[in-house]
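Good morning, and thank you for coming. Please look at the sequence and the structure before we turn to the aromatic rings.

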Amino acid sequence: MPRPPLFPARRQESPAATADAALDDVASAHAALDDAASGPAASAHAALDDTELAAARAALAQGRRQAARSLLARTGDDWDRRGHRITVLALEPYAAAWAHAWLVAEPDSADAAVLLALAQVRRALRGRETPATARTACRAAAAAAPADPTPWLGLLMLEREGTADAVRIFEEIRARHRDHHHAHHRMVALLAERRADAGPDPLHEVYEFAVWAAEQAPADSPLAILPIVAHAERYRALALRGHAPADPTAALHWRDHRAADVMKAAFDWWLEWEHDDHPRRLVDLNFLAHAKFCEGLPAEAAALFRRIGDHVTPAPWSYPDRDPYAAFHAARTAALGQERPGR
């Protein structure tokens with residue numbers, strides 16, 4: 001499949017406004033989800049099923065830093081796992097201060113530089129730091145760790161929409177790790193914002209991009225779920241602007257022919273290829289369970305809920321503006337209650 005066109009025309013605005021204006025709806029929404037995962041009580045939720053990560057973050061919250069330091073050293077160049085672990089550690093309110101002290105003590109530590117960069121990104125998304133400061137930290141970390149896609153992920157998290165700048169950052173990530181899971185999810189969320197004010201568009205480029213990325217990835221890659229993510233992110237963008245119902249189960253968005261084909265392909269992929277060892281597999285399972293429940297297939301959703309257990313992720317259950325934990329548990333209860341006998 002040919003590569004879809006991603007570069008839009010530039011908007012007419014000053015460079016200063018582009019760099020430092022308040023982050024748009026998608027960034028603000030994702031920052032709110034991150035805040036929901038903040039604090040020691042929510043460490044296990046953000047860490048998903050990574051028990052080492054949950055323990056390291058809990059220790060960091062108590063002022064004990066060696067566990068996080070050792071965890072990053074052991075993670076090495078497993079880029080998806082490293083990105084997941086650093087972004088979760090960066091949620092800790094004192095992560096930036098600790099990473100800065102670590103970097104002062106060890107100026108050559110790439111781990112310290114990258115953690116500081118992502119912690120500054122989290123602060124910027126919450127309005128506690130300027131985007132310019134966070135971008136500077138990310139570029140310093142990229143210089144300290146040139147092979148690591150994580151500082152570039154931080155830059156992508158600061159982008160406001162799917163602009164040409166966002167695409168260039170995404171390409172820097174793919175140059176370092178072609179199938180970067182978090183970056184692909186983030187790029188889909190950004191692309192879903194394009195022309196959302198205009199209402200539904202069955203030929204929107206976010207769908208094309210997601211299918212292209214899934215086809216480019218190896219057959220066993222979890223990027224096969226990306227078309228489901230695109231569907232959820234586009235629903236979020238439309239619902240926030242009043243173009244789709246606030247209740248996702250009432251939206252026809254999940255029931256047209258194209259959506260049905262996407263849902264079936266993703267579910268079939270999961271049945272054949274599910275990876276128990278991918279650090280963000282539970283993100284995919286939450287998106288897939290949400291899609292199947294909204295599609296009106298509770299038996300298939302029930303199988304996914306059983307695999308997810310209590311590892312709920314705020315996205316997509318919060319879409320467009322809901323309590324994600326209440327929405328998840330209500331959907332799980334309903335799906336398990338309607339499960340066919342013998343399943």
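Over the face of which residue does Arg236 lie? Arg236 lies over the face of Tyr319, at 5.6 Å from the ring centre. A charge is counted as over a ring if NZ of Lys or CZ of Arg is within 6 Å of the ring centre and within 35 degrees of the ring normal. Arg258 is placed over the face of Tyr207, at 3.9 Å from the centre of the ring.

A word on the source. This is a predicted model, in which local features need pLDDT of at least 70 and side-chain atom pairs count only at pLDDT 80 or more, while totals for chains, interfaces and linings use all residues. Residues are numbered from 1 along each chain as its sequence is written, and side-chain values use heavy atoms, leaving out hydrogens and water.

Now to the ring pairs. The whole structure contains 8 aromatic pairs. In one of them, the ring centres of Phe209 and Trp212 are 5.9 Å apart with planes at 35°, so this pair is tilted. Rings of Phe, Tyr and Trp (its six-membered ring) pair if their centres lie within 6.5 Å; planes under 30 degrees apart count as stacked, over 60 as edge-to-face and the rest as tilted. Phe209 and Trp212 are 3 residues apart in helix α13 (residues 205-216), which means about one helical turn separates them. Helices are DSSP runs (H or I, at least four residues), numbered from the N terminus. Phe209, at 0% relative accessibility, is buried, and Trp212 is buried at 4%. Buried means under 20% relative accessible area, with a 1.4 Å probe and protein chains only. Phe170, Phe209 and Trp212 form one aromatic cluster.

Methods. Helices (H or I, at least four residues) and strands (E, at least two) are DSSP runs, numbered from the N terminus. Buried means under 20% relative accessible area, exposed over 50%, partly exposed in between (1.4 Å probe, protein chains only).
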